[in-house]
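Colleague: I am new to this structure and would like to go through it with you. Shall we take one point at a time?

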Amino acid sequence: MKVEIRERGKKERRHAYVVFAAKDDSNVLSGLPEDAQAALMGAVPASFGSDGTSFTTPLPSDSPALRLYAFGTGKSLTITPRKARTLLRSVAKLLEKNGETTVLLDLPFSLERMNPAEGREFLLRHLFLSNYSFTRYKTGEAKEKKTELTSVRLSALRGLWTGVSEKDAEREVRDAEIVAAASALVRDLGNTPSNDLLPRHFAGHAAAEVKKRARKNLTVTVLDKQAIEKEKMGGLLAVNRGATEEPRFVVIQYMGGRKGQKPVALVGKGVTFDSGGISIKPAEKMGEMKWDMMGAATVLGIVLAASDLGLPVNLVGLTPLTENMPSGSAYKPGDIVTFRSGKTAEIDNTDAEGRVILADALDYAKTFNPEVVLDYATLTGAAVVALGFEAGALFSESDELAAGIVSAGERTDDRIWRLPLWDEYKENIKSDWADVKNTGGRWGGAINGAMFLKEFAPEGALWAHLDIAPTANYDREYAGYATGATGYGIALTLRWLRDRLALAGSSKN
Ligand code: BES
Ligand code: MN
Ligand code: ZN
């Protein structure tokens with residue numbers, strides 16, 4: 001989808017003029033000739049502007065489009081981000097169903113919790129994603145989407161674009177397109193079934209994305225099993241033992257910041273399929289565990305997007321990748337694993353495998369002397385039990401880091417909610433036999449997972465753990481997201497990185 005602010009080339013009438021109206025909104029048709037405005041406003045139904053209503057009509061020949069689509073938003077044009085995303089997706093679907101490919105779009109909204117620039121970013125990003133679908137495995141008729149929205153021009157007459165220069169608006173469009181493209185890539189990786197997204201495939205995609213960009217400051221290294229053995233990553237190797245497929249460990253580096261500036265390390269859980277291993281999961285919904293690599297995909301997406309945006313930051317992405325499978329060689333409950341750091345853990349449940357591979361990755365992050373370490377993992381069902389589908393779970397001992405991440409999440413609608421990491425919880429992961437145990441009993445499951453990771457977070461760096469199990473994927477179309485992977489965490493992290501840059505810039509003055 002191409003999005004532009006100004007009409008380029010010869011002015012052809014667009015297929016559709018899409019407007020959103022609040023109840024009693026008199027400016028809604030300001031993009032039309034005055035006599036058309038008057039005629040149409042006389043013809044609108046009584047419900048015009050009411051929440052959830054729509055109204056379609058042909059437009060007179062001197063109008064910029066053939067047909068008008070008007071959608072009601074109810075009381076006000078200030079709406080929640082979720083409502084905006086849902087509206088954009090349903091509009092894109094309706095337009096495509098009706099065969100409309102070129103659109104003039106009025107986006108008059110203000111968004112709750114966001115300032116104008118953040119609101120524009122959000123609307124543009126979700127406009128680009130509004131017609132996302134994953135049809136790679138459909139054949140025949142189902143594969144051929146009948147029409148696709150190809151060209152959208154923002155009327156930019158009202159709402160958040162008021163007073164924004166064309167040049168700035170166009171730069172914002174390009175930036176949003178970059179983030180949307182990263183999100184679409186990450187969604188595609190997540191939605192790809194695990195038979196086609198083995199650890200070596202994931203590593204191959206990461207390498208290809210880096211190679212395609214051919215930038216000096218963007219590099220990737222893939223550790224194979226031998227290299228992982230050399231690093232003594234006992235956790236990753238233990239989880240991998242049940243799988244026929246070898247593990248990988250991808251290191252992707254973007255050095256866009258000052259030379260010598262400590263990097264931010266991003267660590268992502270890359271379990272390409274989580275059967276549970278010997279502690280096998282029930283059959284029902286096990287297929288959803290193809291999404292258990294969304295942490296790793298998110299990390300890849302963030303680093304690529306930061307590079308595409310040219311953010312002046314140093315980033316290291318670290319993604320341990322393996323399947324978690326049961327077999328005669330699989331790791332077993334009661335086993336004791338020795339990690340890269342030298343610490344040991346008793347395996348109480350082989351289905352708590354994410355923390356076991358992340359332990360080595362967090363420890364490996366030390367070698368980059370990072371200032372901050374963030375990890376992303378679909379770590380626990382307990383996080384989903386706690387928060388439903390509305391927010392990820394955040395853990396950090398740093399109030400400042402936690403506050404910054406929560407705020408970035410609010411302003412991108414990648415919402416996240418903090419849970420505690422108190423020492424008292426350490427009791428739960430005590431082992432009779434090893435330094436720690438990889439489960440902590442029935443209660444506080446998301447916290448127990450985070451407590452385990454805390455044991456391996458590099459000292460001297462700020463650390464936060466993002467349990468993205470609640471929001472990384474939805475098993476049905478939900479809140480304006482297509483079925484499947486969402487790309488949650490990318491916009492949040494890019495926002496957090498930009499906030500950090502702005503803070504560093506202002507403290508220098
Ligand atoms: N990948 C799962 C967590 C998960 C569950 C993500 C449901 C999304 C939806 C993780 O590896 C896991 O199995 N965790 C266990 C931990 C338990 C055995 C301590 C869980 O949450 O049940
Ligand atoms: Mn598991
Ligand atoms: Zn898992």
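Modeller: Start with L362, which touches V267, V373, D375, L453, F456, A457 and P458, leaving out residues up to four places away in sequence. Keep in mind that this is a predicted model.

Colleague: Which residues have the most contacts inside the largest nonpolar core?

Modeller: L362 is one of them, and two of the residues it touches are V267 and V373. The largest nonpolar core has 157 residues, and those with the most contacts inside it are V267, V303, L362 and V373.

Colleague: Which element gives the largest share of this core?

Modeller: The core draws at least three residues from each of domain 1 (2–156) and domain 2 (182–508). Its largest share, ten residues, comes from α8.

Colleague: How far apart are the C-alpha centres of domain 1 and domain 2?

Modeller: The domain assignment of the protein chain gives domain 1 as 2–156 and domain 2 as 182–508. Their C-alpha centres lie apart by 37 Å.

Colleague: Which element gives the most to the side of domain 1 that touches domain 2?

Modeller: In this contact, 16 residues of domain 1 meet 14 residues of domain 2. The elements giving two or more residues to the domain 1 side are α2 (81–97) and α3. With six residues, the one that gives the most is α2.

Colleague: Is F128 buried or exposed?

Modeller: F128 is in helix α3, residues 116–128. Apart from neighbours within four places in sequence, F128 is in contact with M1, V3, A176, E177 and A180. A residue counts as buried with 20 or more other C-beta atoms within 10 Å. F128 has 23 C-beta neighbours inside 10 Å, so it is buried.

Colleague: How far apart in space are F128 and V239?

Modeller: In sequence, F128 and V239 are 111 residues apart. In space, C-alpha to C-alpha, the value is 38 Å.

Colleague: Why is strand β10 described as largely enclosed by the rest of the structure?

Modeller: Strand β10 covers residues 248–255. It is largely enclosed because, of its eight residues, the number that are buried is six.

Colleague: Which residue of β13 stands opposite R248?

Modeller: β10 pairs with strand β9 (residues 218–223) in the antiparallel sense over six bridges, and there V222 has V250 as its bridge partner. Eight bridges join β10 to strand β13 (residues 314–324), also antiparallel. In β13, the residue opposite R248 is L321.

Colleague: Which are the edge strands of the open sheet of three strands?

Modeller: The order of this sheet is β14-β15-β19, with mixed pairing. Three bridges join β14 to β15 (residues 344–346) in the antiparallel sense, and V337 stands opposite A345 in β15. The strands that pair on one side only are β14 (336–338) and β19 (436–437).

Colleague: Which residues does T338 touch, not counting those up to four places away in sequence?

Modeller: T338 lies in strand β14. It counts as partly exposed, with 16 C-beta neighbours inside 10 Å. The residues it touches are G234 and T344.

Colleague: Where is K285, and is it buried or exposed?

Modeller: K285 has a phi near 70°, a positive value in a residue other than glycine. Its place is the loop between β12 (270–274) and α8 (294–309). As K285 has 9 other C-beta atoms within 10 Å, its class is exposed.

Colleague: What is the phi of A479?

Modeller: A479 is in the loop between β21 (473–474) and β22 (484–485). It is partly exposed, with 17 other C-beta atoms within 10 Å. A479 is a residue other than glycine with a positive phi, near 55°.

Colleague: Which helix gives the most to the shell around ligand 1?

Modeller: Ligand 1 is surrounded by 16 residues, the closest being D351, A352, T380, G381 and A469. The shell divides into five nonpolar, seven polar and four charged residues. With three residues, the helix that gives the most is α10 (residues 381–387).

Methods:
Residues are numbered from 1 along each chain as its sequence is written. Chains are lettered from A and ligands numbered from 1 in the order in which they are written. This is a predicted model: local features need pLDDT of at least 70, side-chain atom pairs count only at pLDDT 80 or more; totals for chains, interfaces and linings use all residues. Helices (H or I, at least four residues) and strands (E, at least two) are DSSP runs, numbered from the N terminus. A residue is buried if 20 or more other C-beta atoms lie within 10 Å of its own, exposed if 12 or fewer, and partly exposed in between; C-beta atoms are placed from the backbone. A nonpolar core is a set of buried Ala, Val, Leu, Ile, Met, Phe, Trp, Tyr and Cys residues joined through C-beta atoms within 7 Å. Domain bounds come from an automatic or database domain assignment. Two residues are in contact if their C-beta atoms, placed from the backbone, lie within 7 Å. Two strands pair if DSSP finds at least two bridges between them. A residue is near a molecule or strand if its C-beta atom, placed from the backbone, lies within 6 Å of it. Ala, Val, Leu, Ile, Met, Phe, Trp, Tyr, Cys and Pro count as nonpolar, Asp, Glu, Lys and Arg as charged, and the others, Gly among them, as polar.
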